[in-house]
Amino acid sequence: MNVRRREDGLEFFEVDPFLAELLRQIPESANVDDAPKAKARLFSAPADESEPELRKEWKEYIEPELQRLFRSSSETVALDLKQLCGKERSFANRTLRIPNEHADAWLNALNQARLAIAARNDFTEGELGDCYRSPIGSRRDLSLFQVNFYGFLQEVILRELCGCGDNGADQ
Amino acid sequence: MIAEGPTVTIDKPTIEQDTRTKEDVDLPWQVVVHNDPVNLMTYVTMVFQRVFGYPRTKAEKHMLEVHQQGRSILWSGVRERAELYVQQLHGYLLLATIEKTN
C-alpha cells in the first residue's frame with residue numbers, strides 16, 4: 001500500500017486485498033452495540049461516583065449526542081469505503097481516496113474502532129506496544145494488527161491532512 | 001352575576017428543587033484527562049490544541065504528563081465550562097473527567 005497527498009485529499013493506492021478487507025471492517029469494528037466492554041470505553045463516565053447527578057444527566061442528555069457524532073463519523077467512512085467494493089477481481093489491488101473534509105470523520109471512526117477492538121480483547125499495554133507481531137497466528141494477533149494498522153492510518157491522516165507532527169507512539 | 005359551574009380543585013404546584021447548591025456551581029472545577037494506552041500521542045496533542053486552543057508545546061507538555069503520570073489537569077474554572085470541555089474531549093474519545101478542585 002502506498003500513500004499520495006493530493007490537493008483535495010489523501011490517496012491510498014496499491015491497497016492489497018488483505019488491507020482492503022481490514023479497511024472495510026472499520027465501521028463494523030466501531031459498532032459496540034453487542035459489546036458492553038467496548039461500549040463502556042467509548043461512553044466513559046464524566047466524573048467519579050461522588051457525582052451521581054452529573055453521571056445521570058450525562059447518560060440522559062450527552063450520551064445520545066455522542067452516539068450521533070460517532071455514528072455520523074462511521075457513516076462517512078462507510079461511504080468512502082464503497083470505493084473498495086468495486087466489481088474488479090476480488091484479488092486486485094484497490095485505491096482509496098479520503099477527501100480533506102472527511103479527515104475528522106476518519107480520525108474519529110478509526111479511534112472508535114481501535115478502542116473498541118482493544119476493549120473487546122483486553123489488550124495489555126505491552127501487547128499494544130508490540131508493533132511487529134505477525135497477524136497470522138490467532139484471531140487475537142489479527143485484532144492487534146488491526147489496532148496497529150488503524151493507528152498507522154491515523155498517523156498518516158494527522159500528518160498529511162491535519163498538519164500534525166509524527167512521533168508515532170501510543171499515549 | 002357569576003354563573004355557577006363545576007368546582008375545580010387546583011393542586012398545589014410542585015416546585016422543582018435544583019439539586020446543585022450554589023457552592024457546587026461556584027467552586028472551581030477541573031478538567032482531568034487520564035492515560036489511555038490506545039490513543040496516539042500525536043492525536044492527543046492535536047485534541048488538546050483544538051479543544052483548549054493551546055499552543056503545540058503546551059499541548060505536548062500535557063500529553064506527556066498524561067502519559068508519564070497517568071493524568072493531567074487541562075483546565076480549571078466554572079463547572080458549566082468544565083462540563084463542556086469534558087463533553088468535547090469525550091467526542092474525541094479521550095478519557096476525561098470533571099473534578100472539584102481541592
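This briefing describes the two chains of a predicted model, the interface between them and a selection of individual residues. Local features are reported where pLDDT is at least 70 and side-chain atom pairs where pLDDT is 80 or more, whereas totals for chains, interfaces and linings use all residues, and side-chain values rest on heavy atoms, with hydrogens and water left out. Residues are numbered from 1 along each chain as its sequence is written, while chains are lettered from A in the order in which they are written.

**The two chains**

- Chain A has 7 helices and 3 strands, where helices (H or I, at least four residues) and strands (E, at least two) are DSSP runs numbered from the N terminus; from that terminus on, the elements run β-β-α-α-α-α-β-α-α-α.
- Of the 171 residues of chain A, 47% count as buried, a term that means under 20% relative accessible area, with exposed meaning over 50% and partly exposed in between (1.4 Å probe, protein chains only).
- The accessible surface of chain A comes to about 8,800 Å², of which 51% belongs to carbon and sulfur atoms; such areas come from the Shrake-Rupley method with a 1.4 Å probe, and for residues only the protein chains shown count as cover.
- Chain B comprises 4 helices and 3 strands, which follow the pattern α-β-α-α-β-α-β along the sequence.
- Of the 102 residues of chain B, 42% count as buried, and the accessible surface of this chain is about 6,200 Å², with 54% of it on carbon and sulfur atoms.

**The interface between chain B and chain A**

- On the two sides of the interface, 33 residues of chain B are in contact with 39 residues of chain A, contact being defined as heavy atoms within 4.5 Å.
- Together the chains bury about 3,100 Å², 56% of it on carbon and sulfur atoms; buried area is the accessible area (1.4 Å probe) that two parts lose on being put together, summed over both.
- Val38(B), Leu40(B) and Leu93(B) supply 22% of the area that chain B buries against chain A, more than any other three residues.
- Between chain B and chain A there are 11 residue pairs in polar contact, both residues being at pLDDT 80 or more; a polar contact is a pair of N or O atoms within 3.5 Å, where within protein one must be able to donate a hydrogen and the other to accept it, and residues adjacent in sequence count only if both atoms are side-chain atoms.
- On the side of chain B that touches chain A, β1 (29-34), α2 (41-52), α3 (56-69), α4 (79-91) and β3 (96-100) each supply at least two residues.
- His90(B) lies in helix α4 of chain B and counts as buried at 2% relative accessibility; beyond its neighbours within four places in sequence, the residues in contact with His90(B) include Ser44(A), Trp58(A) and Phe70(A).

**Salt bridges**

- The whole structure holds 16 salt bridges over all chains, and 4 are found across the interface of chain B and chain A; the rule asks for a side-chain nitrogen of Lys or Arg within 4 Å of a carboxyl oxygen of Asp or Glu.
- Glu51(A) meets Lys100(B) in a salt bridge (3.7 Å, N to O), and Glu51(A) also forms a salt bridge with Arg79(B), the closest N and O atoms being 3.8 Å apart.
- Arg79(B) lies in helix α4 of chain B and Glu51(A) in the loop between α3 and α4 (52-80) of chain A, so this pair joins two chains; Arg79(B) is buried at 4% relative accessibility, and Glu51(A) is buried at 11%.
- Within chain B, the side chains of Arg71(B) and Glu99(B) form a salt bridge (3.0 Å, N to O); Arg71(B) lies in strand β2 (residues 71-77) and Glu99(B) in strand β3, so the pair ties together parts that are 28 residues apart in sequence.
- Within chain A, Asp122(A) and Lys37(A) meet in a salt bridge (2.5 Å, N to O), linking the loop between α5 (103-121) and α6 (125-128) to helix α3 (residues 36-42), 85 residues apart.

**Backbone features**

- Leu93(B) has a positive phi of about 70° although it is not a glycine; Leu93(B) is placed in the loop between α4 and β3 of chain B and counts as buried at 1% relative accessibility.
- Glu14(A), likewise not a glycine, has a positive phi of about 55°; Glu14(A) lies in strand β2 (residues 9-15) of chain A and is partly exposed, with a relative accessible area of 42%.
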